[in-house]
Amino acid sequence: MGDESKGRSQRESLLNNKSIVYARSKSHAYDELRVFRRWLKWMCVDQSDTLSTLLSWFVFIMFTIVVPCLSHFLLACAECDANHDRPYDNVVQLSLSAVAALSFICLSGFVKEFGLRRFLFLDKLCDESETVRECYMEQLHRSLKILFIFVLPCFAAESIYKIWWYGSGGTQIPFLGNVVVSDIVACLLELSSWLYRTTVFFLVCVLFRLICYLQILRLRDFAQIFQVDSDVETVLREHLRIRRHLRIISHRYRRFILSALIIVTASQFASLLMTTRSTADLHIYKSGEVALCSVSLLAGLLIILRSAVRITHKALGVTCLAAKWHVCATIDSFESVEGETPPVSQIASNQVFPATSETSSDADDVGDEEDELDNTKFVHSYAYSTISFQKRQALVTYFENNKAGITLYGFMLDRSYLHTIFGMELALFLWLLGKTVGAIA
(Lines give C-alpha, C1' and ligand atoms only; values in the text may rest on other atoms or scores of the structure.)
Protein backbone atom coordinates (compact mmCIF):
# COMPACT_ATOMS: atom_id res chain seq x y z
CA MET A 1 0.00 0.00 0.00
CA GLY A 2 2.88 2.32 0.77
CA ASP A 3 4.41 1.82 -2.69
CA GLU A 4 1.07 2.42 -4.39
CA SER A 5 0.44 5.64 -2.47
CA LYS A 6 3.99 6.80 -3.22
CA GLY A 7 3.62 6.10 -6.94
CA ARG A 8 0.23 7.83 -6.97
CA SER A 9 1.68 10.93 -5.33
CA GLN A 10 4.54 11.03 -7.84
CA ARG A 11 2.12 10.84 -10.79
CA GLU A 12 -0.05 13.60 -9.29
CA SER A 13 3.00 15.81 -8.77
CA LEU A 14 4.04 15.34 -12.40
CA LEU A 15 0.57 16.15 -13.66
CA ASN A 16 0.23 19.22 -11.46
CA ASN A 17 3.68 20.59 -12.31
CA LYS A 18 2.99 22.93 -15.23
CA SER A 19 6.61 24.06 -15.53
CA ILE A 20 7.77 20.77 -17.02
CA VAL A 21 8.17 20.94 -20.78
CA TYR A 22 7.62 17.66 -22.57
CA ALA A 23 9.56 17.53 -25.82
CA ARG A 24 8.20 15.71 -28.85
CA SER A 25 9.65 12.23 -29.08
CA LYS A 26 11.71 11.56 -32.19
CA SER A 27 11.19 8.51 -34.33
CA HIS A 28 14.02 6.05 -34.24
CA ALA A 29 15.87 5.29 -37.44
CA TYR A 30 14.43 1.80 -37.90
CA ASP A 31 10.74 2.48 -37.53
CA GLU A 32 8.05 2.05 -40.16
CA LEU A 33 8.92 5.44 -41.66
CA ARG A 34 12.54 4.66 -42.50
CA VAL A 35 11.85 4.25 -46.24
CA PHE A 36 9.68 7.34 -46.27
CA ARG A 37 12.33 9.37 -44.43
CA ARG A 38 14.99 8.20 -46.86
CA TRP A 39 12.98 9.49 -49.81
CA LEU A 40 12.37 12.79 -47.99
CA LYS A 41 16.13 13.19 -47.62
CA TRP A 42 16.65 12.48 -51.32
CA MET A 43 14.01 15.09 -52.17
CA CYS A 44 15.74 17.56 -49.82
CA VAL A 45 12.60 18.27 -47.78
CA ASP A 46 13.68 16.45 -44.62
CA GLN A 47 14.09 18.76 -41.61
CA SER A 48 14.81 16.28 -38.84
CA ASP A 49 17.96 18.07 -37.68
CA THR A 50 19.72 21.42 -38.10
CA LEU A 51 21.94 20.37 -41.00
CA SER A 52 19.01 18.85 -42.91
CA THR A 53 16.94 21.96 -42.29
CA LEU A 54 19.65 24.27 -43.66
CA LEU A 55 20.14 22.05 -46.70
CA SER A 56 16.39 21.89 -47.27
CA TRP A 57 15.99 25.68 -47.23
CA PHE A 58 19.06 26.16 -49.44
CA VAL A 59 17.72 23.78 -52.08
CA PHE A 60 14.30 25.41 -51.83
CA ILE A 61 15.66 28.92 -52.42
CA MET A 62 17.97 27.68 -55.17
CA PHE A 63 15.42 25.73 -57.23
CA THR A 64 12.32 27.80 -56.47
CA ILE A 65 13.65 31.36 -56.72
CA VAL A 66 17.21 31.60 -58.05
CA VAL A 67 17.13 29.15 -60.98
CA PRO A 68 13.70 30.29 -62.33
CA CYS A 69 14.82 33.93 -62.19
CA LEU A 70 18.07 33.14 -63.98
CA SER A 71 16.21 31.07 -66.55
CA HIS A 72 13.70 33.81 -67.30
CA PHE A 73 15.92 36.88 -67.26
CA LEU A 74 19.29 35.56 -68.43
CA LEU A 75 18.97 32.25 -70.27
CA ALA A 76 15.90 33.03 -72.34
CA CYS A 77 16.84 34.02 -75.86
CA ALA A 78 15.35 37.43 -76.64
CA GLU A 79 16.30 37.38 -80.32
CA CYS A 80 15.65 33.72 -81.13
CA ASP A 81 13.69 32.37 -84.03
CA ALA A 82 9.98 31.62 -83.85
CA ASN A 83 10.48 28.10 -82.51
CA HIS A 84 12.77 29.05 -79.62
CA ASP A 85 10.83 32.07 -78.38
CA ARG A 86 9.19 31.52 -74.96
CA PRO A 87 6.35 34.05 -74.54
CA TYR A 88 4.62 32.09 -71.76
CA ASP A 89 7.68 31.44 -69.62
CA ASN A 90 6.71 34.04 -67.01
CA VAL A 91 3.37 32.31 -66.33
CA VAL A 92 5.05 28.90 -66.06
CA GLN A 93 7.80 30.05 -63.70
CA LEU A 94 5.49 32.06 -61.45
CA SER A 95 2.89 29.30 -61.21
CA LEU A 96 5.33 26.51 -60.37
CA SER A 97 7.30 28.65 -57.91
CA ALA A 98 4.13 29.80 -56.17
CA VAL A 99 2.73 26.30 -55.59
CA ALA A 100 6.18 24.99 -54.63
CA ALA A 101 6.67 27.77 -52.07
CA LEU A 102 3.20 27.17 -50.66
CA SER A 103 3.77 23.41 -50.41
CA PHE A 104 7.24 23.71 -48.89
CA ILE A 105 6.21 26.25 -46.25
CA CYS A 106 3.13 24.24 -45.28
CA LEU A 107 5.06 20.96 -45.13
CA SER A 108 7.84 22.54 -43.07
CA GLY A 109 5.30 23.96 -40.65
CA PHE A 110 3.51 20.62 -40.31
CA VAL A 111 6.67 18.65 -39.60
CA LYS A 112 8.12 21.27 -37.27
CA GLU A 113 4.95 21.64 -35.19
CA PHE A 114 3.68 18.08 -35.07
CA GLY A 115 6.48 15.80 -36.24
CA LEU A 116 6.15 13.33 -39.07
CA ARG A 117 4.54 10.58 -36.99
CA ARG A 118 1.89 12.82 -35.47
CA PHE A 119 1.27 14.55 -38.78
CA LEU A 120 0.53 11.18 -40.43
CA PHE A 121 -1.51 10.04 -37.38
CA LEU A 122 0.80 7.08 -36.80
CA ASP A 123 0.69 7.75 -33.07
CA LYS A 124 -3.08 7.05 -33.14
CA LEU A 125 -2.83 3.68 -34.88
CA CYS A 126 -2.46 1.84 -31.58
CA ASP A 127 -6.15 2.56 -30.93
CA GLU A 128 -7.26 1.15 -34.28
CA SER A 129 -8.00 -2.40 -35.39
CA GLU A 130 -5.46 -4.67 -37.03
CA THR A 131 -7.15 -4.27 -40.41
CA VAL A 132 -6.89 -0.49 -40.28
CA ARG A 133 -3.22 -0.61 -39.29
CA GLU A 134 -2.23 -3.04 -42.02
CA CYS A 135 -4.14 -1.24 -44.77
CA TYR A 136 -2.79 2.14 -43.72
CA MET A 137 0.83 0.98 -43.64
CA GLU A 138 0.36 -0.59 -47.05
CA GLN A 139 -1.03 2.68 -48.38
CA LEU A 140 1.84 4.58 -46.77
CA HIS A 141 4.43 2.59 -48.72
CA ARG A 142 2.30 2.89 -51.86
CA SER A 143 2.13 6.68 -51.62
CA LEU A 144 5.63 7.12 -53.00
CA LYS A 145 4.68 5.11 -56.07
CA ILE A 146 1.63 7.31 -56.57
CA LEU A 147 3.85 10.36 -56.24
CA PHE A 148 6.19 9.25 -59.01
CA ILE A 149 3.28 8.16 -61.22
CA PHE A 150 2.23 11.82 -61.39
CA VAL A 151 5.71 13.38 -61.42
CA LEU A 152 7.68 11.21 -63.85
CA PRO A 153 5.46 11.60 -66.98
CA CYS A 154 5.46 15.39 -66.63
CA PHE A 155 9.20 15.42 -66.00
CA ALA A 156 9.83 13.20 -69.05
CA ALA A 157 7.87 15.57 -71.30
CA GLU A 158 9.68 18.58 -69.85
CA SER A 159 13.05 16.87 -70.33
CA ILE A 160 12.33 16.24 -74.01
CA TYR A 161 11.39 19.88 -74.52
CA LYS A 162 14.41 21.29 -72.65
CA ILE A 163 16.88 18.99 -74.36
CA TRP A 164 15.48 19.99 -77.76
CA TRP A 165 15.49 23.69 -76.82
CA TYR A 166 19.10 23.75 -75.69
CA GLY A 167 20.33 21.23 -78.27
CA SER A 168 18.92 23.20 -81.20
CA GLY A 169 20.54 26.48 -80.15
CA GLY A 170 18.00 28.07 -77.83
CA THR A 171 20.70 30.06 -76.03
CA GLN A 172 24.26 31.01 -76.86
CA ILE A 173 25.53 32.40 -73.55
CA PRO A 174 28.92 30.82 -72.69
CA PHE A 175 28.90 31.72 -68.97
CA LEU A 176 31.29 28.83 -68.29
CA GLY A 177 33.59 29.64 -71.18
CA ASN A 178 32.20 26.89 -73.41
CA VAL A 179 28.82 27.00 -75.12
CA VAL A 180 28.21 23.23 -74.91
CA VAL A 181 29.14 22.94 -71.24
CA SER A 182 27.10 26.04 -70.43
CA ASP A 183 24.04 24.63 -72.18
CA ILE A 184 24.37 21.29 -70.37
CA VAL A 185 24.65 22.95 -66.95
CA ALA A 186 21.76 25.33 -67.68
CA CYS A 187 19.59 22.48 -68.94
CA LEU A 188 20.31 20.37 -65.85
CA LEU A 189 19.54 23.28 -63.54
CA GLU A 190 16.23 24.00 -65.24
CA LEU A 191 15.20 20.33 -65.20
CA SER A 192 16.18 20.01 -61.55
CA SER A 193 14.14 23.10 -60.72
CA TRP A 194 11.09 21.73 -62.56
CA LEU A 195 11.44 18.32 -60.89
CA TYR A 196 11.86 19.82 -57.43
CA ARG A 197 8.90 22.19 -57.65
CA THR A 198 6.46 19.64 -59.03
CA THR A 199 7.65 16.96 -56.58
CA VAL A 200 7.15 19.17 -53.53
CA PHE A 201 3.66 20.15 -54.69
CA PHE A 202 2.59 16.59 -55.46
CA LEU A 203 4.14 15.37 -52.18
CA VAL A 204 1.85 17.53 -50.05
CA CYS A 205 -1.14 16.50 -52.19
CA VAL A 206 -0.32 12.80 -51.84
CA LEU A 207 0.18 13.15 -48.08
CA PHE A 208 -3.27 14.72 -47.82
CA ARG A 209 -4.66 11.82 -49.80
CA LEU A 210 -2.92 9.39 -47.44
CA ILE A 211 -4.34 11.02 -44.32
CA CYS A 212 -7.84 11.03 -45.82
CA TYR A 213 -7.45 7.36 -46.69
CA LEU A 214 -6.79 6.58 -43.03
CA GLN A 215 -10.06 8.24 -42.04
CA ILE A 216 -11.89 6.25 -44.73
CA LEU A 217 -10.46 3.05 -43.25
CA ARG A 218 -11.64 4.15 -39.81
CA LEU A 219 -15.12 4.89 -41.14
CA ARG A 220 -15.31 1.44 -42.72
CA ASP A 221 -14.21 -0.09 -39.45
CA PHE A 222 -16.74 2.08 -37.64
CA ALA A 223 -19.49 0.62 -39.83
CA GLN A 224 -18.87 -2.76 -38.21
CA ILE A 225 -20.32 -1.40 -34.95
CA PHE A 226 -23.80 -1.65 -36.42
CA GLN A 227 -23.28 -5.35 -37.11
CA VAL A 228 -22.85 -6.24 -33.42
CA ASP A 229 -24.87 -5.59 -30.31
CA SER A 230 -23.35 -2.21 -29.43
CA ASP A 231 -24.75 0.39 -27.10
CA VAL A 232 -25.45 3.97 -28.12
CA GLU A 233 -22.65 5.39 -25.97
CA THR A 234 -20.00 3.29 -27.75
CA VAL A 235 -21.25 4.35 -31.19
CA LEU A 236 -21.40 8.00 -30.14
CA ARG A 237 -17.90 8.03 -28.64
CA GLU A 238 -16.36 6.47 -31.74
CA HIS A 239 -18.13 8.90 -34.05
CA LEU A 240 -17.00 11.86 -31.95
CA ARG A 241 -13.43 10.61 -32.16
CA ILE A 242 -13.63 10.41 -35.96
CA ARG A 243 -15.17 13.89 -36.15
CA ARG A 244 -12.36 15.23 -33.98
CA HIS A 245 -9.72 13.85 -36.32
CA LEU A 246 -11.54 15.21 -39.38
CA ARG A 247 -11.65 18.62 -37.74
CA ILE A 248 -7.91 18.43 -37.08
CA ILE A 249 -7.21 17.57 -40.74
CA SER A 250 -9.45 20.38 -41.93
CA HIS A 251 -7.75 22.88 -39.64
CA ARG A 252 -4.26 21.86 -40.76
CA TYR A 253 -4.92 21.81 -44.49
CA ARG A 254 -7.46 24.60 -44.95
CA ARG A 255 -4.89 27.29 -45.77
CA PHE A 256 -3.09 25.02 -48.21
CA ILE A 257 -6.30 23.97 -49.99
CA LEU A 258 -7.63 27.51 -50.31
CA SER A 259 -4.26 28.95 -51.39
CA ALA A 260 -3.69 26.16 -53.92
CA LEU A 261 -7.15 26.74 -55.36
CA ILE A 262 -6.47 30.46 -55.74
CA ILE A 263 -3.00 29.96 -57.28
CA VAL A 264 -4.15 27.32 -59.76
CA THR A 265 -7.17 29.41 -60.75
CA ALA A 266 -5.04 32.52 -61.27
CA SER A 267 -2.53 30.49 -63.29
CA GLN A 268 -5.20 29.05 -65.55
CA PHE A 269 -6.81 32.42 -66.21
CA ALA A 270 -3.44 34.04 -66.89
CA SER A 271 -2.64 31.29 -69.36
CA LEU A 272 -6.05 31.69 -70.98
CA LEU A 273 -5.62 35.45 -71.23
CA MET A 274 -2.24 35.13 -72.92
CA THR A 275 -3.17 32.30 -75.29
CA THR A 276 -6.37 33.97 -76.54
CA ARG A 277 -4.77 37.25 -77.54
CA SER A 278 -4.90 38.30 -81.18
CA THR A 279 -1.11 38.09 -81.45
CA ALA A 280 -0.80 34.76 -79.62
CA ASP A 281 1.07 31.96 -81.37
CA LEU A 282 -0.13 28.55 -80.17
CA HIS A 283 2.66 26.54 -81.73
CA ILE A 284 3.59 23.40 -79.81
CA TYR A 285 7.14 24.70 -79.30
CA LYS A 286 5.81 27.79 -77.52
CA SER A 287 2.62 26.75 -75.73
CA GLY A 288 3.59 23.16 -74.93
CA GLU A 289 5.33 24.09 -71.69
CA VAL A 290 2.43 26.14 -70.35
CA ALA A 291 0.07 23.27 -71.20
CA LEU A 292 2.30 20.85 -69.29
CA CYS A 293 2.37 23.23 -66.32
CA SER A 294 -1.42 23.48 -66.33
CA VAL A 295 -1.80 19.70 -66.40
CA SER A 296 0.55 19.33 -63.42
CA LEU A 297 -1.23 21.95 -61.32
CA LEU A 298 -4.70 20.66 -62.13
CA ALA A 299 -3.66 17.07 -61.37
CA GLY A 300 -2.45 18.06 -57.90
CA LEU A 301 -5.58 20.10 -57.23
CA LEU A 302 -7.79 17.21 -58.31
CA ILE A 303 -5.97 14.88 -55.90
CA ILE A 304 -6.82 17.22 -53.02
CA LEU A 305 -10.44 17.83 -53.97
CA ARG A 306 -11.15 14.20 -54.79
CA SER A 307 -9.74 13.02 -51.46
CA ALA A 308 -11.72 15.60 -49.52
CA VAL A 309 -14.97 14.87 -51.36
CA ARG A 310 -14.49 11.13 -51.02
CA ILE A 311 -14.01 11.18 -47.27
CA THR A 312 -16.95 13.57 -46.88
CA HIS A 313 -19.11 11.21 -48.93
CA LYS A 314 -18.08 8.26 -46.77
CA ALA A 315 -18.74 10.22 -43.59
CA LEU A 316 -22.21 11.14 -44.81
CA GLY A 317 -22.81 7.46 -45.56
CA VAL A 318 -22.74 6.80 -41.81
CA THR A 319 -26.08 8.60 -41.51
CA CYS A 320 -27.67 6.33 -44.11
CA LEU A 321 -26.22 3.26 -42.41
CA ALA A 322 -27.51 4.35 -39.00
CA ALA A 323 -30.98 5.01 -40.42
CA LYS A 324 -31.04 1.59 -42.07
CA TRP A 325 -29.86 -0.03 -38.82
CA HIS A 326 -32.66 1.75 -36.94
CA VAL A 327 -35.29 0.59 -39.43
CA CYS A 328 -34.11 -3.03 -39.39
CA ALA A 329 -33.99 -3.09 -35.59
CA THR A 330 -37.49 -1.61 -35.38
CA ILE A 331 -38.88 -4.18 -37.80
CA ASP A 332 -37.28 -7.09 -35.96
CA SER A 333 -38.45 -5.82 -32.60
CA PHE A 334 -42.07 -6.11 -33.73
CA GLU A 335 -41.56 -9.50 -35.36
CA SER A 336 -39.90 -10.99 -32.28
CA VAL A 337 -42.90 -10.63 -29.97
CA GLU A 338 -43.81 -14.11 -28.78
CA GLY A 339 -47.23 -15.46 -29.61
CA GLU A 340 -48.09 -12.61 -31.93
CA THR A 341 -50.09 -13.69 -34.96
CA PRO A 342 -48.95 -11.95 -38.11
CA PRO A 343 -51.68 -9.87 -39.69
CA VAL A 344 -53.18 -10.67 -43.06
CA SER A 345 -51.49 -7.66 -44.67
CA GLN A 346 -48.08 -8.89 -43.54
CA ILE A 347 -48.77 -12.38 -44.95
CA ALA A 348 -49.82 -10.89 -48.28
CA SER A 349 -46.77 -8.63 -48.29
CA ASN A 350 -44.47 -11.56 -47.67
CA GLN A 351 -46.06 -13.43 -50.57
CA VAL A 352 -45.61 -10.49 -52.93
CA PHE A 353 -42.17 -9.42 -51.65
CA PRO A 354 -40.48 -12.53 -50.29
CA ALA A 355 -37.76 -11.78 -47.74
CA THR A 356 -34.89 -13.56 -49.36
CA SER A 357 -31.23 -12.88 -48.90
CA GLU A 358 -29.14 -11.27 -51.57
CA THR A 359 -28.39 -13.69 -54.37
CA SER A 360 -24.95 -14.23 -55.84
CA SER A 361 -26.03 -12.75 -59.18
CA ASP A 362 -27.00 -9.49 -57.47
CA ALA A 363 -23.66 -9.38 -55.70
CA ASP A 364 -21.84 -9.94 -58.98
CA ASP A 365 -23.77 -7.11 -60.63
CA VAL A 366 -22.81 -4.70 -57.85
CA GLY A 367 -19.09 -5.55 -57.93
CA ASP A 368 -16.87 -3.16 -55.99
CA GLU A 369 -19.36 -0.30 -55.94
CA GLU A 370 -20.60 -1.21 -52.44
CA ASP A 371 -18.67 -1.34 -49.20
CA GLU A 372 -19.42 -1.40 -45.48
CA LEU A 373 -20.76 2.17 -45.52
CA ASP A 374 -22.66 2.25 -48.80
CA ASN A 375 -24.56 -0.94 -49.59
CA THR A 376 -28.08 -2.24 -50.06
CA LYS A 377 -27.88 -5.14 -47.62
CA PHE A 378 -30.05 -5.55 -44.57
CA VAL A 379 -28.38 -4.87 -41.24
CA HIS A 380 -28.50 -7.82 -38.86
CA SER A 381 -30.18 -6.41 -35.78
CA TYR A 382 -30.63 -7.81 -32.31
CA ALA A 383 -34.26 -7.89 -31.28
CA TYR A 384 -33.48 -8.48 -27.63
CA SER A 385 -30.90 -5.68 -27.47
CA THR A 386 -31.10 -3.18 -24.66
CA ILE A 387 -31.11 -0.31 -27.15
CA SER A 388 -34.58 1.15 -27.10
CA PHE A 389 -36.42 2.82 -29.92
CA GLN A 390 -35.89 6.27 -28.37
CA LYS A 391 -32.11 5.77 -28.11
CA ARG A 392 -31.82 4.62 -31.71
CA GLN A 393 -33.95 7.53 -32.89
CA ALA A 394 -31.83 9.96 -30.91
CA LEU A 395 -28.66 8.53 -32.43
CA VAL A 396 -30.02 8.82 -35.97
CA THR A 397 -31.10 12.40 -35.27
CA TYR A 398 -27.62 13.17 -34.00
CA PHE A 399 -26.06 11.81 -37.21
CA GLU A 400 -28.45 13.84 -39.35
CA ASN A 401 -27.61 17.11 -37.57
CA ASN A 402 -23.87 16.57 -37.03
CA LYS A 403 -22.42 15.74 -40.42
CA ALA A 404 -18.74 14.88 -40.51
CA GLY A 405 -16.26 15.56 -43.29
CA ILE A 406 -13.49 17.85 -44.51
CA THR A 407 -14.43 21.50 -44.08
CA LEU A 408 -12.90 24.67 -45.49
CA TYR A 409 -13.49 27.50 -43.04
CA GLY A 410 -16.88 26.07 -42.12
CA PHE A 411 -17.90 25.01 -45.65
CA MET A 412 -18.21 21.26 -46.18
CA LEU A 413 -16.14 19.99 -49.12
CA ASP A 414 -18.75 17.76 -50.68
CA ARG A 415 -20.07 17.31 -54.20
CA SER A 416 -22.38 20.31 -54.03
CA TYR A 417 -19.43 22.50 -53.00
CA LEU A 418 -17.45 21.20 -55.98
CA HIS A 419 -20.38 22.04 -58.24
CA THR A 420 -20.32 25.59 -56.84
CA ILE A 421 -16.58 25.91 -57.52
CA PHE A 422 -17.03 24.57 -61.04
CA GLY A 423 -19.86 27.03 -61.69
CA MET A 424 -17.78 29.98 -60.52
CA GLU A 425 -14.77 28.87 -62.57
CA LEU A 426 -16.95 28.39 -65.66
CA ALA A 427 -18.53 31.82 -65.26
CA LEU A 428 -15.12 33.50 -64.98
CA PHE A 429 -13.83 31.49 -67.91
CA LEU A 430 -16.73 32.49 -70.17
CA TRP A 431 -16.42 36.13 -69.08
CA LEU A 432 -12.70 36.22 -69.83
CA LEU A 433 -13.17 34.36 -73.09
CA GLY A 434 -15.84 36.82 -74.13
CA LYS A 435 -13.53 39.73 -73.43
CA THR A 436 -10.62 38.30 -75.41
CA VAL A 437 -12.61 36.88 -78.32
CA GLY A 438 -14.70 40.03 -78.48
CA ALA A 439 -11.57 42.15 -78.63
CA ILE A 440 -10.19 40.00 -81.46
CA ALA A 441 -13.43 40.29 -83.41
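**A guided tour by selection**

Begin by selecting residues 194–214: this span is 100% helix and 0% strand, and its end C-alpha atoms are 31 Å apart. Helices here are DSSP runs (H or I, at least four residues), numbered from the N terminus. The model is a predicted one, in which local features need pLDDT of at least 70 and side-chain atom pairs count only at pLDDT 80 or more, while totals for chains, interfaces and linings use all residues. Residues are numbered from 1 along each chain as its sequence is written, and side-chain values use heavy atoms, leaving out hydrogens and water.

Of the 44 residues of α7, 33 are buried, meaning under 20% relative accessible area with a 1.4 Å probe, protein chains only.

Now select helix α2, residues 34–42, where Phe36, Arg37 and Leu40 are buried. These three cover an arc of only 100 degrees around the axis, which puts them on the same side of α2; the arc is that of the directions from the helix axis to the C-beta atoms. Just after α2, Cys44 takes a positive phi of about 60 degrees.

Finally, select Ser250 in helix α8, residues 232–275. At 5% relative accessibility, Ser250 counts as buried. Leaving aside neighbours within four places in sequence, Ser250 is in contact (heavy atoms within 4.5 Å) with Gly405, Ile406 and Thr407.

Methods: Helix = DSSP H or I, 4+ residues; strand = E, 2+ residues; numbered from the N terminus. Buried < 20%, exposed > 50% of the residue type's maximum accessible area, 1.4 Å probe, protein only.
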